[in-house]
Amino acid sequence: VQLVESGGGLVQAGGSLRVSCAASGWTFRMYHMGWFRQAQGKEREFVAAIGASGGITYYVDSVKGRFTIARDNPKNTVYLQMDSLKPEDTAAYYCARFKGTSVSRSLALNPENYDYWGQGTQVTVTA
């Protein structure tokens, strides 16, 4: 099982970035997926989650209307499109595989409900 994030970088406030997470070693289309972030000195925070078929999405309130989670099951990849970025979005972004069969917003928020994590990709937003 492997998750590899890419696409992070340095961007000015108001700009956009898309981070990707490529999965391998398991049947990607059968699992719900999530994105978390961790800023320096802070705890890991839920950002967004998407159902296995892509029909259900959840977001933390602070990114609603600015971030979009999506997935391409034939490509075994999940994406996080980030628009209108703010300096407070600066963090390492991690994708993770949800380990349950049924997902809800409350379950998706909890990092303990994920069993595999990528290594993270850094996103830095300058003022």
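Author: "Buried" stands for under 20% relative accessible area, "exposed" for over 50%, and "partly exposed" for anything in between, using a 1.4 Å probe and protein chains only. Before going on, please note that this is a predicted model, where local features need pLDDT of at least 70 and side-chain atom pairs count only at pLDDT 80 or more, while totals for chains, interfaces and linings use all residues. Residues are numbered from 1 along each chain as its sequence is written, and side-chain values use heavy atoms, with hydrogens and water left out.

Back to our cysteines. A disulfide is a covalent bond between the sulfur atoms of two cysteines. In the model, a pair of cysteine sulfur atoms within 2.5 Å counts as one, and that rule gives 1 disulfide. Cys-21 and Cys-95 form it, with their sulfur atoms 1.9 Å apart. The torsion about their S-S bond is about 50 degrees, so this disulfide is right-handed. Cys-21 belongs to strand 3 (residues 17–24) and Cys-95 to strand 9 (residues 91–98), so the pair ties together parts that are 74 residues apart in sequence. Strands here are DSSP runs of E with at least two residues, numbered from the N terminus; helices would be runs of H or I with at least four residues.

Now for the rings. Rings of Phe, Tyr and Trp (its six-membered ring) pair if their centres lie within 6.5 Å; planes under 30 degrees apart are called stacked, over 60 edge-to-face, and the rest tilted. Counting this way, the structure holds 7 aromatic pairs. One of them joins Trp-26 and Phe-28: the ring centres are 5.7 Å apart and the planes are at 55 degrees, so the pair is tilted. Trp-26 has 13% relative accessibility and counts as buried; Phe-28, at 1%, is buried too. Another pair is Phe-36 with Tyr-114, whose ring centres are 4.9 Å apart and whose planes are at 85 degrees, so this pair is edge-to-face. Phe-36 sits in strand 4 (residues 33–38) and Tyr-114 in strand 10 (residues 114–117), so parts that are 78 residues apart in sequence are tied together. Phe-36 is buried, with a relative accessible area of 0%, and Tyr-114 is buried at 5%.

A charge sits over a ring if NZ of Lys or CZ of Arg is within 6 Å of the ring centre and within 35 degrees of the ring normal. Arg-44 lies over the face of Trp-117, at 4.7 Å from the ring centre. Arg-97 lies over the face of Trp-26, at 4.9 Å from the ring centre.

Next, let us look at empty space. Rolling a probe the size of a water molecule over the atoms shows where such space is left. On a 1 Å grid over the protein atoms alone, a cavity is a set of points where a 1.4 Å probe fits but cannot get out; a pocket is an open set with protein on both sides within 12 Å along at least five of seven lines, and lining residues have an atom within 4 Å of a point. Grid points are joined across faces, edges and corners, and the volume is the space filled by probe spheres set on the points. The largest pocket has about 210 Å³ of space. It is lined by 13 residues, of which Arg-37, Lys-42, Glu-45, Glu-88 and Asp-89 are the closest to its centre. The lining divides into 2 nonpolar, 3 polar and 8 charged residues. (Ala, Val, Leu, Ile, Met, Phe, Trp, Tyr, Cys and Pro count as nonpolar, Asp, Glu, Lys and Arg as charged, and the others, Gly among them, as polar.)

Finally, some loops. Asn-76 lies between strand 7 (67–72) and strand 8, and its phi is near 55 degrees, a positive value in a residue other than glycine. Ser-84, in the loop between strand 8 and strand 9, also has a positive phi, near 50 degrees. Ser-84 is partly exposed at 41%. The C-alpha atoms of Ser-84 and Gly-65, 19 residues apart along the chain, are separated by 9.2 Å.
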